[in-house]
Amino acid sequence: LIPAIVVFIYLAIVLYIGIFAFRRARGKEEAEDYFLAGRSLGPVVFLLSLFGTNMTAFAILGSSGHAFANGIVTFGLMASSSGLIIPLTLFLIGTRVWALGKKYGFMTPVQMFRDRWECAHIGTFITAVQAALLVPYIIIGVIGGGTTLSAISGGRVPYWFGGAIVALVVMSYVFFGGMRGTSWVNTFQTILFMLFGTIAVIIIGSSMGGFKSAVNALQASPATSALLTRERISPLYFFSYTFIPLSSIAFPHIAIFCLTARKMSQFKKTVILYPLCILAVWLPCVFLGVMANRVSDSPEIRHKIEARRMLATQGRQMQPDERDVLREEANGDDVLLIMLNRYAPLWLAGILGAGIMAAVMASDSQILALSTMFTEDIFAFYGGRRRFGERVQVQTGRLFIVIITIIAYLIALRAPESIFELAIQYAFSGYAALSPLLVAALFWRRSTKWGALAATLWTALAVIAVALFQSHTPAPAPGSTTVVATLGGWDALTRTPAGTAIFGFMPVVPMVIVSTLLMIFVSLATRQPRAETLARYFALSQATRRETEERAAQAA
Amino acid sequence: MKKTLLVAAVLVLYVLHQDFWNWRTASPLVFGFVPIGLFYQACFSVASALLMWLLVRAAWPAHLEREIEEQERKETAR
């Protein structure tokens, strides 16, 4: 019960931070203050909160679970590629989004698209697609909260109650604190789960008697030696995964968060330190996930390893349903929790449990982003703010937060988690395929609203097509694939145990390439925005750039 | 020229992420327990941070910052 009490104390602290932020903002019922913290975040909060917003439950639980099954490849696949691509997109796109937001008062990416491409309902369509891809995250956040609280309390807190508490706490601090409360909570949470990894490695490492003997034993056994290499993943799949981090800047909650910085220079530290923050969180989790394969004195972990072995040796003779059951049993998302329960003292397990809760509760930013999108892109755009005023707009945003949290909780109670895990898998690819919109809007004068519409429509259709394909074609046994279509002797469309492959690549690769091509060719075939609009985005910047360069030359 | 070099540095690092030469081997174990593939990718993360530092130093979009500062100055003056 002690770990559960520590976690409840943590939840109370988080709630207090949200309410404290509400007190700080009292009297300021302005949309910009509530949804963007008045564009006033300082460098430390901006870095830690942005990083925490990007790190979902997957960063801690999912990464160790993936490493438990696939080995060290998890780090290169998901962490180090993100450490290059995400700060690069923040440097190139985030800074420009910030500057335009500050200059023209934008609060969402769609507001910028509407202005830049002179469109109205196309913007609404983009908002709808963005929202549809975001909702599964909120549901999975509630599910993760319920599951984790239940696991930490040893089953004393039932799943429905744990989910309700987590949903209520998140809803409360987002409701009261808006962006200011959410970013302060995220900062606190990021510090917690950054400490978590280091402490977990030290505790588990010393309890296991050091890692050298464990690694040598893994290397010596034919069943586990592949976990220390990347044999279980193909190089094409590894390459494909570098497209996934493109989704980060296209996520509305990240793009909106870029608008909260007080100064553009606050991006500097974030861009430089981001890869190191990823290293600090992911490396311990991945390493411990691999090491979990040596925890032979835990019956739960032994059971998972046995399920994985059966799946590998007898999976081909089994029915798809039987394979799904075994996959569920072999799932390693809770190996870190099991190891902590096994090795950490009770009080420490509680603190580390709070660290895990911090990662699980990352859905706050998505809820706030949805509320911002609804009130700015729909309510305000279709005349709500003009008719009812800004105060009502903020109240509408708060009401929206309550409604979306209740709906997410009710869905989380009824639907199986696997559906939403799958949806998130598609959502990453979907947002990556939407990233050409931002690039085109900011860097390509010739881009048009029709190009943006074509790319968004393609993204929506491609996500639906992949989802339908995967739900109708059962996943094959590990080590085998189901080839569905061939072209010129090449495997064009394949169902793999982990998902779908198109010419050996993950679907995200063709999705991003086709989205980019559609943006280019449809834009070239249609009329570009008026010269006055383009001048606001490009000509002025170039003139100022020239001026800056001249000043720099004079100074030199 | 500076811009070309920076773009080349980003592309080189992106290519270096695909370290196929470490694909099927865990040896040598760095510090006696870190497989070489994992150590390489950890070093890659440090290299990414260094590249970002270089980009911020050499290609920071200062003109955007100046534009906003001027706008704010004008608003304050009004």
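In the predicted model, A:Ser248 lies in helix H11 (residues 247–250) of chain A. Helices here are DSSP runs of H or I with at least four residues, numbered from the N terminus. A:Ser248 counts as buried because its relative accessibility is 3%. Buried means under 20% relative accessible area, exposed over 50%, and partly exposed in between, with a 1.4 Å probe and protein chains only. Beyond its neighbours within four places in sequence, A:Ser248 is in contact with A:Asn54, A:Ile86 and A:Ile254. Contact means heavy atoms within 4.5 Å. A:Asn54 is 194 residues from A:Ser248 along the chain, yet their C-alpha atoms are separated by 7.3 Å.

The largest nonpolar core has 186 residues. Such a core is a set of buried Ala, Val, Leu, Ile, Met, Phe, Trp, Tyr and Cys residues, joined through side-chain atoms within 4.5 Å. Helix H8 (residues 159–207) of chain A gives this core its largest share, 17 residues. A:Met291 and A:Met361 have the most contacts inside the core. Residues up to four places away in sequence aside, A:Met291 touches A:Met208, A:Phe211, A:Ala214, A:Val215, A:Leu218 and A:Met339. A second, separate core has five residues, among them A:Ala307 and A:Leu311.

Chain B meets chain A through 44 residues of chain B and 51 residues of chain A. The two chains bury about 4,400 Å² between them, 71% of it on carbon and sulfur atoms. Buried area is the accessible area (1.4 Å probe) that two parts lose on being put together, summed over both. B:Trp23, B:Leu38 and B:His63 supply 17% of the area that chain B buries against chain A, more than any other three residues.

Four salt bridges are found across this interface. Each pairs a side-chain nitrogen of Lys or Arg with a carboxyl oxygen of Asp or Glu within 4 Å. B:Asp19 and A:Arg230 meet in a salt bridge through their side chains, at 2.6 Å from N to O. On the side of chain B that touches chain A, helices H1 (2–16), H2 (36–59) and H3 (62–77) each supply at least two residues. H2(B) gives the largest share, 15 residues.

Residues are numbered from 1 along each chain as its sequence is written, and chains are lettered from A, and ligands numbered from 1, in the order in which they are written. Local features need pLDDT of at least 70, side-chain atom pairs count only at pLDDT 80 or more, and totals for chains, interfaces and linings use all residues, while side-chain values use heavy atoms, with hydrogens and water left out.
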